[in-house]
Amino acid sequence: RASLEAVEIAEAGGSRFSQIMASFHLATAFFLNGDYGASEERFTEALAAARGAGTALDWQGYHLAVFADACLARGDAEAAIARAREGIAAADAGGARFQAALARAVLVDALVHAEALEHEITAVITEARELVRKSGGNSLLPRLRESEARLAGRNDRTILAAGLREAEAMYRAMGAPDPADRLARELAA
């Protein structure tokens, strides 16, 4: 609701930058509410507007990473991979280390979901971990640990379960109950 109001306020104010940023925030809100189709549609529009106007591109890597997550959430690994790679390119070009790490974390999830080759996935994990180290973006570590567990556990349920328990504990330690609870439910099933 607040994001919808922000879009209305930005439209009334007339600042193209504010309009585009409000649109990005609304796309993110749609994603967080589980409305992935609306999120993807809004991201597509906002990215086109930002690129066309040549403004509001500072967080392009971040927005593309969330866009990729929306694609992945609805099961489209191919689109998620494309958006994540686009986010990586934008973040790397802008020197935005955390955004680059986030886009790589999403790419790792998408590659695992797409059953990509192990060496391809581990290379992206290594890059993401280095960017986390450089940026201080430790909030991505549980997600990377979860992906590592899913990769290592492709053929060994014991390794998978141990890695997911570790990721769950990491999420809880950082105060992120939603992903921790999701992993707990998966482990209990």
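I started with the largest pocket, which holds about 990 Å³ of space. The model is predicted: local features need pLDDT of at least 70 and side-chain atom pairs pLDDT 80 or more, while totals for chains, interfaces and linings use all residues. Residues are numbered from 1 along each chain as its sequence is written, and side-chain values use heavy atoms, without hydrogens or water.

A pocket here is an open set of points on a 1 Å grid over the protein atoms alone, where a 1.4 Å probe fits, with protein on both sides within 12 Å along at least five of seven lines; lining residues have an atom within 4 Å of a point. I found 29 lining residues, with Phe31, Asp69, Arg143, Tyr171 and Arg182 nearest the centre. By class, the lining has 15 nonpolar, five polar and nine charged residues.

I then checked Glu168, in helix α9 (residues 157-173). Glu168 is buried at 16% relative accessible area, because buried means under 20% (1.4 Å probe, protein chains only). Leaving out residues up to four places away in sequence, Glu168 touches Ala180, Leu183, Ala184 and Leu187; contact means heavy atoms within 4.5 Å.

Technical notes
Helix = DSSP H or I, 4+ residues; strand = E, 2+ residues; numbered from the N terminus. Buried < 20%, exposed > 50% of the residue type's maximum accessible area, 1.4 Å probe, protein only. Points joined across faces, edges and corners; volume = space filled by probe spheres on them. Nonpolar A, V, L, I, M, F, W, Y, C, P; charged D, E, K, R; others polar.
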